[in-house]
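Open the model in your viewer and keep the selection tool at hand. Each stop below says what to pick and what is there.

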Amino acid sequence: TNESNIILDDGSVKLDKIELVNPFSLEGGLPQLNWGDDFKLYFKLSVLDSSRLLDFVIIIVDKEQRPIASLNVFNQPDDITAKNGVIEFSAKHENMQLSKGLYSINIVVRTKESREPLLRINDVLHFQIIHPQEIWEPFLLASKFENII
């Protein structure tokens with residue numbers, strides 16, 4: 001009956017806080033974004049070794065826990081470092097085009113050099129995308145259609 005969302009924890013990193021920055025609504029405590037809004041997350045972590053460079057893998061999963069996207073880990077600057085044992089950073093994706101529905105965030109913290117995982121937690125944050133149309137596909141891409149005739 002283990003209901004913990006912590007999949008891996010070597011004890012060197014602790015997730016203190018994660019939040020969706022500026023949701024338009026908190027319906028029953030669930031952060032909501034409109035389709036096309038910017039998606040910005042804030043993270044605060046405690047670390048035992050402030051000199052270690054870390055990567056943060058942020059995975060978006062649907063309500064069936066299927067991974068559907070991740071924020072580009074290769075865009076992370078090297079200056080996301082600990083100060084007094086604390087790391088604070090934000091990650092942003094502009095113009096979120098996930099289809100209407102419920103989603104959650106999984107996070108993996110790993111060493112930058114060897115990519116050794118130090119911490120993995122599923123379901124650290126739940127959120128909802130609002131859109132008037134229901135579709136089955138995970139993305140509703142902003143598109144333009146033009147008549148050629």
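Setting aside residues up to four places away in sequence, Asp62 touches Ile68, Leu102 and Tyr103. Keep in mind that this is a predicted model. Asp62 sits in strand 6, which covers residues 54-62. Is Asp62 buried or exposed? Its relative accessible area is 10%, so Asp62 counts as buried.

Now show polar contacts around the Asp62 side chain. One goes to the backbone nitrogen of Glu64, at 3.0 Å. Another is a polar contact with the side chain of Arg66, at 2.7 Å.

**The nonpolar core**

Next, pick Leu15, Phe39, Leu41, Phe43, Ile105 and Phe127. These are the residues with the most contacts inside the largest nonpolar core, which has 33 residues. Colour by strand. Strand 2 (13-20), strand 5 (39-47), strand 6, strand 8 (86-93), strand 9 (101-111) and strand 10 (117-130) each supply at least two residues of this core. Which strand gives the most to this core? Strand 10 does, with seven residues. As background, nonpolar side chains in soluble globular proteins tend to be buried together.

Then select Val57, Ile59, Val73 and Val108. They belong to a second, separate core of five residues.

**The aromatic pairs**

Show the rings. How many aromatic pairs does the count come to? The count is four. Start with Phe43 and Phe89. Their ring centres are 4.9 Å apart and their planes stand at 10 degrees, so this pair is stacked. Phe43 lies in strand 5 and Phe89 in strand 8, so the pair ties together parts that are 46 residues apart in sequence. Phe43 counts as buried, at 0% relative accessibility. Phe89 is buried as well, with a relative accessible area of 9%.

Phe56 lies in strand 6 and Phe89 in strand 8, so the pair ties together parts that are 33 residues apart in sequence. Phe56 counts as buried, at 1% relative accessibility.

Now select Phe39, Tyr103 and Phe127. They form one aromatic cluster. Two members have come up already: Phe39 and Phe127 are among the residues with the most contacts inside the largest nonpolar core. Tyr103 is one of the residues that Asp62 touches.

**Last stop: Lys40**

Select Lys40 in strand 5. Is Lys40 buried or partly exposed? At 32% relative accessibility, Lys40 counts as partly exposed. Leaving aside neighbours within four places in sequence, Lys40 is in contact with Glu19, Leu20, Val21, Ser90, Ala91 and Lys92.

Finish with a distance label from Lys40 to Leu30. The two are ten residues apart along the chain, and their C-alpha atoms are separated by 15 Å.

Terms used:
Residues numbered from 1 in each chain as written. Predicted model: local features only at pLDDT ≥ 70, side-chain atom pairs only at ≥ 80, totals over all residues. Heavy atoms only, no water. Helix = DSSP H or I, 4+ residues; strand = E, 2+ residues; numbered from the N terminus. Buried < 20%, exposed > 50% of the residue type's maximum accessible area, 1.4 Å probe, protein only. Polar contact = N/O pair within 3.5 Å; in protein donor to acceptor, adjacent residues only side chain to side chain. Contact = heavy atoms within 4.5 Å. Core = buried A, V, L, I, M, F, W, Y, C linked by side-chain atoms within 4.5 Å. Phe/Tyr/Trp six-rings, centres within 6.5 Å; stacked < 30°, edge-to-face > 60°.
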